[in-house]
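Hi,

Have a look at it first, then read on.

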Amino acid sequence: MSDALLSVSDLKVTFRTEDGSVEAVKGIDLEVRPGEVLALVGESGSGKSVTAMAILKLLPRTATVTGSISLAGRELLPLAEAEMNAVRGAEISMVFQEPMTALNPSMRIGDQITEAILNHRDISKAEAWKRAVEMLQRVGIPDPARRAKSYPHELSGGQRQRVVIAIALACEPQLIIADEPTTALDVTVQAEILDLIRRLAAESGTAFLLVTHNMGVVADIADRVAVMFRGTMVEVGDTRTVLTAPREAYTKKLLSAVPSLPDIATVIEREPETEVPAAVLELDAASVTYRRGGRPFLALDGVSLAIAPGEIVGLVGESGSGKSTLGRAALGLLPLSSGSITLFGEKVGRGGVSGRRERALRGRVGAIFQDPGSSLDPRMTVGRRSPSRCSCSVDASRPPRPGVGPGWPSCWTPWNCRRTTPPATRTSSREASASALASPGRSRWSPS
Ligand SMILES: Nc1ncnc2c1ncn2[C@@H]1O[C@H](COP(=O)(O)OP(=O)(O)O)[C@@H](O)[C@H]1O
Ligand SMILES: [Mg+2]
């Protein structure tokens with residue numbers, strides 16, 4: 001047909017669910033050329049991951065896949081599982097969002113790369129280990145011979161993702177499918193991983209199908225862009241054209257959602273402050289000290305911050321800078337070692353209101369955490385999930401528990417509350433947000 005390495009045509013994926021069938025991908029065409037980085041973009045739920053998993057034939061049994069997926073002229077859909085196993089890793093590899101779930105925590109990283117090589121190559125274990133060390137070097141792990149003997153938990157998030165990429169590259173596949181490979185990483189580390197992907201694509205001629213919802217990532221490294229919307233392919237073109245002269249209205253909308261610094265400056269200029277309203281949340285010289293191996297560690301050092309009604313405050317900083325600690329302290333999940341917190345004009349905690357009054361104030365603050373999967377009860381339908389349904393109340397006489405502040409009920413994550421027996425459901429981040437909104441508070445904290 002063409003010079004494409006991967007050629008997808010009229011791909012349809014339908015899931016059988018309890019509530020009928022869900023058409024996740026509605027007949028899309030897609031081509032990945034040798035050595036190129038093709039970004040597959042679109043909002044959450046548009047069908048990007050389902051497309052990626054369909055190519056790898058890793059969808060659950062509830063999925064029906066039709067159409068054609070061919071890799072270097074070979075049809076993948078009719079292949080039996082054993083044949084597909086030989087393709088995965090050797091011809092197409094994958095890199096997913098969360099490196100920790102892709103790695104085996106109890107195996108040295110060198111052994112994990114070695115295992116991936118031995119699955120597909122007939123070489124000795126010693127040769128495979130040597131190659132594993134070379135791969136670590138290629139993905140930029142310093143002192144690779146020594147690092148090969150490390151366990152995943154001994155590496156940083158960025159280094160772990162480098163190891164996952166090393167495993168993906170180990171058998172020199174023609175195509176690597178990377179689904180949101182940088183989303184779980186710090187901004188500075190994200191840039192390093194993207195640089196690495198760009199370099200590897202150029203050096204080794206490996207093609208990348210990069211699934212992302214981040215247009216910034218696209219501009220940085222993709223040769224071409226494919227835009228998906230509700231299971232359909234909206235637009236495909238070279239990156240420059242799609243980003244600077246998008247044909248389709250949806251692509252324009254997607255691009256306009258990317259804030260640029262001058263835009264932000266304009267917004268700020270347009271809204272001059274007339275009077276400063278009273279803060280809903282105020283931290284005054286707040287400090288938090290953790291104990292690390294018996295030694296005190298100052299995680300938050302005298303931070304002052306005020307959030308006005310209706311205001312959105314972005315708290316940024318690299319991993320470990322104290323962002324989540326600040327959020328947890330603001331929620332009352334961590335005790336302050338000094339300083340104070342004022343909620344809706346009343347000081348809470350030490351030297352402030354306590355008991356019923358404190359509970360009432362704290363009840364007005366909602367929280368949205370990073371991972372909606374772990375924030376929501378998988379046994380409850382979305383509609384039934386709401387913190388206000390939990391009838392347990394804060395017990396100020398409770399001793400502080402690790403990770404949970406003093407006076408917090410054991411069911412502060414309401415799904416731990418044994419007073420409810422919920423049915424099953426699927427959930428998402430929007431539902432986590434809805435859940436946070438369901439509490440009557442006006443101040444919401446959303447740690448990333
Ligand atoms: N196992 C499944 N069963 C039913 N529906 C699913 C399943 N997996 C994904 N979907 C649905 O398919 C659609 C596309 O999902 P997905 O490919 O994960 O989106 P994206 O990766 O673009 O965010 C969504 O509507 C999602 O709810
Ligand atoms: Mg996805």
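A term to start with: two residues are in contact if their C-beta atoms, placed from the backbone, lie within 7 Å. Helices (H or I, at least four residues) and strands (E, at least two) are DSSP runs, numbered from the N terminus. Axes are lines fitted to C-alpha atoms, for helices over the stretch in contact, and angles run from 0 to 180 degrees between N-to-C directions.

Keep in mind that this is a predicted model: local features need pLDDT of at least 70, side-chain atom pairs count only at pLDDT 80 or more, and totals for chains, interfaces and linings use all residues. Residues are numbered from 1 along each chain as its sequence is written, while chains are lettered from A and ligands numbered from 1 in the order in which they are written.

Strands pair here if DSSP finds at least two bridges between them. One open sheet has four strands in the order β2-β1-β4-β5, with antiparallel pairing. Its edges are β2 (20-32) and β5 (74-75); each has a single partner strand, so one side of each is left without a neighbour in the sheet. β5 is joined to β4 (residues 63-71) by two bridges, and Arg74 in β5 is the bridge partner of Leu71. Helix α1 (residues 48-55) lies across β1 (6-17), β2 and β4, at about 110° to β1.

**Around ligand 1**

Ligand 1 has 14 residues around it, counting a residue as near if its C-beta atom, placed from the backbone, lies within 6 Å of the molecule. The closest are Phe15, Ala24, Lys48, Ser49 and Val50. β1, β2 and α1 are the elements that give two or more residues to this shell, and α1 gives the most, with three. By type, the shell has five nonpolar, eight polar and one charged residue. For that count, Ala, Val, Leu, Ile, Met, Phe, Trp, Tyr, Cys and Pro are nonpolar, Asp, Glu, Lys and Arg are charged, and the others, Gly among them, are polar.

**The six-stranded sheet**

The other open sheet to look at has six strands in the order β6-β7-β8-β3-β9-β10, and its pairing is mixed. Here β6 (92-95) and β10 are the edge strands, each with a single partner, so one side of each is left without a neighbour in the sheet. β7 (residues 175-179) runs parallel to β8 (residues 207-211), joined by five bridges, and Asp179 stands opposite Val211 in β8. Helix α7 (residues 157-169) packs on this sheet and touches β6 and β7.

Which way do the residues of β9 point? Arg224, Ala226 and Met228 go one way and Val225, Val227 and Phe229 the other, and all are buried (20 or more other C-beta atoms, placed from the backbone, within 10 Å of the residue's own). On one side, β9 runs parallel to β3 (residues 37-41) over four bridges, with Leu40 opposite Ala226. β9 also pairs with β10 (residues 232-238), antiparallel and over six bridges. These two form a hairpin with two residues between them, and Arg230 in the turn has a positive phi of about 45°.

**A helix pair**

Helices α4 (residues 109-120) and α5 (residues 125-138) pack at about 115°, with their axes 8 Å apart. Their contact residues divide into eight nonpolar, two polar and two charged.

Cheers

How values were computed: A residue is buried if 20 or more other C-beta atoms lie within 10 Å of its own, exposed if 12 or fewer, and partly exposed in between; C-beta atoms are placed from the backbone.
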